[in-house]
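Dear colleague,

My notes on it follow, arranged by topic.

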Amino acid sequence: MEYLDFELPIKELEEQLEKCQVIGQESDVDVTATCNQINDKLIETKKNIYENLTAWQRVQLSRHPSRPYTLDHVRGLCGDTFLELHGDRGFKDDKAMIGGLGKIGGQSFMIIGQQKGYNTKTRQYRNFGMANPEGYRKALRLMKMAEKFGIPVVTLIDTPGAYPGLEAEERGQGEAIARNIYEMVLLKVPIITIIVGEGASGGALGIGVGDRVYMLENTWYSVISPESCSSILWKSWEYKEKAADALKLTSADMKKQELIDDIIPEPLGGAHYDRETTFKTVEEYILKGYNELKVLSTADLIAQRMDKYTKMGEFKE
C-alpha cells in the first residue's frame, strides 16, 4: 500500500499494529489488549482524516496509484462477459479510450471509458488516459452501435484531459469532442455516466453527457485541473490547493450545484481499500439508474436529457 502525505499517521499506526501482532505470534506474551487499543486508535484516526478531507486531498485520492482504473471496474462489474471492441474505422485504435459490450446484473451494456496505466510502460501505452480524436470517434461509433441495437450505455470517466498535442489538434480534437456532446444529447438509449477518478475538462465531457451522472465520493469534476488553474492565475503550481478549493470540484460541491445526480459512497480510506465493495456499490447505482430510465419512451428520455443540461448554469439572485 502506498500512502499519501496526509495518510502518514495511518501508516505509522498500521506498522505498530503489525509489529504488535508479530510479537504475539512469536512469543508467549498476550498482546491482545494492546493490539485492540492500537486498532481502535487506527479506526479513530482514519475517520478523523477521511471525514475531513480538503478538496486538494480528494484530488490526491482520485489519483492514488492503487485506485481501481476503468478496466478494473469493467472486470469487477462484468466478469468474463466483457468483449472489447477496437478502432474508430477512420484512423486507428486509441488505447487511452476503451469500449465494448458487457453484462452487469444480467443486463447488456455498452461500456466506454478512459484507461490509465499502472506503470511507466502501460502509462505510455495508454497515453496517461488522455484520448486523441480517434478515441472520441471510437466512443461515438460504439454509442451509435448501442443505439442501433437498443443497448444502454455506461461511460466511466477517468482522465486528466483530452490529449493536447499538435497531432491531436491537426486531426480535429475540438470537433471530435463537440460532435460527441451533440450526438450524446440525442442518443436514443439510456446513458449512465460515472466519474471513477479524474474528470477534467472537455476530455471528460466528450463521454460525459448522461441521463444519470454519478461521482464516486473521492473524485473530482472540473473545467480545469487545480495545477493548471494555479499556473494560469498565479503563474505557479504552488497555489494548487487554493485553486482546488476555489474550483468547487469535489463530489459534494457538484451535487450541491446540481451538476450531478448522486454521489457513490466509497469505503473508508477510498476505493482502493476495498475494491470489491466499491464495484458492488457502483453496480447497484448503475442498475438503479437503468431501472429508472428503461421505462421512459425515447422521446421522453431525450427530452429529459435536454432539459437536464439546458438548466445547468441558470442563476437566480
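**The strands**

T155 stands opposite T193 in β5. Please bear in mind throughout that this is a predicted model.

How many residues of β4 are buried? The count is seven of its seven residues. In a regular strand, side chains alternate between the two faces of the sheet. For β4, both of these faces are covered. On one side V153, T155, I157 and T159 are buried, and on the other V154, L156 and D158 are buried.

Strand β3 is mostly covered as well, with six of its eight residues buried.

**Two packed helices**

Two packed helices are described by the angle between their axes and the distance between the axes. For helix α6 (residues 133-149) and α8, the angle is about 20° and the axes are 8 Å apart. Angles under 35 degrees count as roughly parallel, and α6 and α8 are therefore roughly parallel to each other. The crossing of α6 past α8 is left-handed. On the α6 side the contact is made by P133, Y136, R137, A139, L140, M143 and K144. On the α8 side it is made by Q173, E175, A176, I177, R179, N180, E183 and M184.

E183 is found in helix α8 (residues 173-185). Is E183 buried or exposed? Buried means under 20% relative accessible area, so E183, at 17%, counts as buried. Leaving aside neighbours within four places in sequence, E183 is in contact with L140 and K144. E183 and K144 are 39 residues apart along the chain, and their C-alpha atoms are separated by 8.7 Å.

**An aromatic pair**

The structure holds five aromatic pairs. One of them is formed by Y69 and Y118 and is tilted, with 5.3 Å centre to centre and 50° between the planes. Y69 lies in the loop between α3 (55-62) and α4 (70-78), and Y118 in the loop between β3 and α5 (120-125), so the pair ties together parts that are 49 residues apart in sequence. Y69 counts as buried, at 7% relative accessibility, whereas Y118 counts as partly exposed, at 40%.

**Positive phi values**

Most residues other than glycine have a negative phi. Which residue of helix α9 (residues 201-205) has a place in this section? It is S201, whose phi is positive and near 60° although the residue is not glycine. S201 counts as partly exposed, at 33% relative accessibility.

K235 likewise has a positive phi near 60° and is a residue other than glycine. Its place is in the loop between α10 (226-234) and α11. At 71% relative accessibility, K235 counts as exposed.

**Two further loop residues**

T250 is placed in the loop between α11 (240-247) and α12 (251-256). T250 is buried, with a relative accessible area of 8%. Apart from neighbours within four places in sequence, T250 is in contact with A55, R58, M215 and T219.

S297 lies in the loop between α13 (275-293) and α14 (298-310). S297 counts as partly exposed, at 36% relative accessibility. S297 and V189 are 108 residues apart in sequence, with a C-alpha to C-alpha separation of 9.5 Å.

With kind regards

Terms used
Residues are numbered from 1 along each chain as its sequence is written. This is a predicted model: local features need pLDDT of at least 70, side-chain atom pairs count only at pLDDT 80 or more; totals for chains, interfaces and linings use all residues. Side-chain values use heavy atoms; hydrogens and water are left out. Helices (H or I, at least four residues) and strands (E, at least two) are DSSP runs, numbered from the N terminus. Buried means under 20% relative accessible area, exposed over 50%, partly exposed in between (1.4 Å probe, protein chains only). Contact means heavy atoms within 4.5 Å. Two strands pair if DSSP finds at least two bridges between them. Rings of Phe, Tyr and Trp (its six-membered ring) pair if their centres lie within 6.5 Å; planes under 30 degrees apart count as stacked, over 60 as edge-to-face and the rest as tilted. Axes are lines fitted to C-alpha atoms, for helices over the stretch in contact, and angles run from 0 to 180 degrees between N-to-C directions. Angles under 35 degrees count as roughly parallel, over 145 as roughly antiparallel, 65 to 115 as roughly perpendicular and the rest as oblique. A crossing is left-handed if the near helix is turned anticlockwise from the far one by less than a right angle, and right-handed if clockwise.
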